Amino acid sequence: QVQLVESGGGLVQAGGSLRLSCAASGRTFSRTDMGWFRQAPGKEQEFVAAISRSGGSTYYADSVKGRFTIYRDNAKNTVYLQMNSLKPEDTAVYYCAAKSSWGWYEKSAYDYWGQGTQVTVSS
């Protein structure tokens, strides 16, 4: 039902910034909680950030808090992840996801996923 397409990934130097976008199709975006996850090679997929349907509540992994900001533009059916002060350990494929179940930090709470966009932070 929901299709998600990430964009904005790329190569950036440590300390730099990058903004990821996730464009969603469908008529229910404005009432759908959204999240970002990431997965580095050989690592488990981990939670990065989430945002409630109205944008009134946000949640962040400790590793990115203070550096990353999640926000959304419901008029554009798009959720963003602004990443500042990037570190090499932020290197991963980043996925946006639409939440359908209880919880914010659990992968199992999300049932629609984008294709992912690669973020590489050089040292």
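**Burial.** I began with burial: 45% of the 123 residues in the protein chain are buried, meaning under 20% relative accessible area with a 1.4 Å probe, protein chains only.

**Ground rules.** I am working with a predicted model, where local features need pLDDT of at least 70, side-chain atom pairs count only at pLDDT 80 or more, and totals for chains, interfaces and linings use all residues. Residues are numbered from 1 along each chain as its sequence is written, and side-chain values use heavy atoms, with hydrogens and water left out.

**Strands.** I looked up the secondary structure and found 0 helices and 11 strands; these are DSSP runs numbered from the N terminus, helices being H or I with at least four residues and strands E with at least two.

**Core.** Next I checked the largest nonpolar core, which holds 34 residues. Such a core is a set of buried Ala, Val, Leu, Ile, Met, Phe, Trp, Tyr and Cys residues joined through side-chain atoms within 4.5 Å. Trp 36, Leu 81, Met 83 and Tyr 94 touch the most other members. Strands that each supply at least two residues of this core include β4 (34-39), β8 (78-83) and β9 (92-99).

**Tyr 94.** I then listed contacts of Tyr 94, leaving out residues up to four places away in sequence; among them are Trp 36, Leu 81, Met 83, Glu 6 and Arg 38. Contact here means heavy atoms within 4.5 Å.

**Reach of contacts.** Of the contacts with a separation of 6 or more, I noted that 56% join residues 24 or more positions apart.

**Extent.** Last, I noted that the C-alpha trace spans about 40 × 25 × 25 Å along its principal axes.

Terms used:
Buried < 20%, exposed > 50% of the residue type's maximum accessible area, 1.4 Å probe, protein only.
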